[in-house]
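Visitor: Please show me the structure that we are going to discuss. I would like to take it one question at a time.

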Amino acid sequence: MVHLITVFFIALFIIAYIQDRRKVLNGFFLTLAIISVMGSLAYETVQNPGTFITYIFVFLFGLIIILLAFGGFGLIIFSFFNTVKIYQKEGIRLKNSLLLAIGIGILFLNIARILKLDQYIPTQLDFLFSFAGFCVAYLSFFLVMFGVSSLLYQIYYPKLDKDYIIILGGGLIDGYKVPPLLQSRIKKGLSFYKVQLEKNNKKAYVIFSGGQGEDELLPEAEAMAEFAKTLGLEEEQIIVENQSKNTYENMKFSAEKMAASSDKKAVFVTNNYHLLRAGIYAKRAHIDADGIGARTAFYYIPNAFIREFIAYMNLYRNYHLIVLSIGFVLNIILTAFYLYFN
């Protein structure tokens with residue numbers, strides 16, 4: 001029975017993943033599958049101790065215990081060191097301080113727990129602490145699911161039959177220069193272009209997508225196209241989409257550029273931390289395409305990933321606000337019952 005449950009959850013994950021790689025629900029199903037596998041290993045360990053499976057289970061279980069015991073402390077230390085690194089590389093900015101904020105928050109919660117600060121708060125306000133705990137658990141759940149799903153979405157080997165390669169824009173330096181982060185996207189896209197050309201003798205149109213920001217001297221797409229020409233991309237293979245202001249518009253306006261063509265096999269290119277959300281927007285823009293990710297410097301990824309998570313949560317903000325509102329009301333009711341009966 002235990003093994004049948006494991007097979008069921010593994011099958012559920014595989015079916016969901018094949019159906020749509022962009023669903024964050026895939027991360028949830030994979031997590032359930034992993035938990036069920038651990039359950040099967042535990043069952044076999046109890047039934048047949050001393051076997052090779054026993055050693056595998058003990059090793060994996062030990063890793064989980066270590067992670068639970070020291071993961072929070074490790075995250076605090078990592079948040080401070082990573083923030084120093086990103087400040088040195090990218091400057092002291094609010095968007096570069098998100099991981100630091102999480103580290104400080106975890107540190108404060110641990111200090112509050114050790115000092116038992118909740119004892120100084122009136123009992124009538126206990127619901128605030130319980131609701132805060134609910135919010136932390138709720139956000140942590142979705143953060144883990146988003147992280148697992150994002151890692152899953154990185155696994156993609158596109159067929160070399162694409163008619164279009166969509167390269168998503170980003171900010172320019174000094175209003176006109178293509179920064180290293182954006183250069184990596186362009187190089188990744190052109191690398192795919194060249195491999196497809198060499199292997200299948202098929203040329204793709206490259207859509208550079210990005211409008212002009214308030215502090216920019218020209219649209220990002222035009223700067224990207226000029227940079228791509230220096231790397232050898234022919235003029236006739238370039239399509240410039242220079243109206244978009246965000247990722248959704250990148251996809252929407254790129255879809256309009258492809259609308260006149262009967263051949264619409266496409267792949268989009270962005271940085272690896274941005275892939276999943278870009279994939280969700282591609283689906284909303286009715287583009288049947290998945291993405292390939294350009295490598296990003298490791299120090300940059302944690303803060304960028306947190307920004308992506310915040311943006312993802314904002315996509316479904318009405319749903320989350322309803323759930324959190326229900327949680328808030330339930331915590332008030334439970335606190336009221338506790339006070340009434342005690």
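Visitor: Is Phe 131 buried or exposed?
Guide: Buried means under 20% relative accessible area, exposed over 50%, and partly exposed in between, with a 1.4 Å probe and protein chains only. The relative accessibility of Phe 131 is 17%, so Phe 131 counts as buried.

Visitor: Where do these values come from?
Guide: This is a predicted model, in which local features need pLDDT of at least 70 and side-chain atom pairs count only at pLDDT 80 or more, while totals for chains, interfaces and linings use all residues. Residues are numbered from 1 along each chain as its sequence is written, and side-chain values use heavy atoms, with hydrogens and water left out.

Visitor: How many aromatic pairs does the structure hold?
Guide: Rings of Phe, Tyr and Trp (its six-membered ring) pair if their centres lie within 6.5 Å; planes under 30 degrees apart count as stacked, over 60 as edge-to-face and the rest as tilted. By this rule the number of aromatic pairs is 19.

Visitor: What kind of aromatic pair do Phe 131 and Phe 328 form?
Guide: The pair links distant parts of the chain, with Phe 131 in helix α5 (residues 126-153) and Phe 328 in helix α11 (residues 317-341), 197 residues apart. Helices (H or I, at least four residues) and strands (E, at least two) are DSSP runs, numbered from the N terminus. The ring centres are 5.0 Å apart and the planes make 80 degrees, and the pair is edge-to-face.

Visitor: What kind of aromatic pair do Phe 146 and Phe 309 form?
Guide: Phe 146 is in helix α5 and Phe 309 in helix α10, 163 residues apart. Both residues, Phe 146 and Phe 309, are buried. Their centres are 5.9 Å apart with 55 degrees between the planes, and the pair is tilted.

Visitor: In which sense do strand β4 and strand β5 pair?
Guide: Two strands pair if DSSP finds at least two bridges between them. Strand β4 (residues 266-271) and strand β5 (residues 291-294) have four bridges, and the sense is parallel.

Visitor: Through which helix does the chain cross from β4 to β5?
Guide: This β-α-β crossover is right-handed: with the strands pointing away from the viewer, the path from the first strand over the helix to the second runs clockwise. The helix, residues 275-284, is α9.
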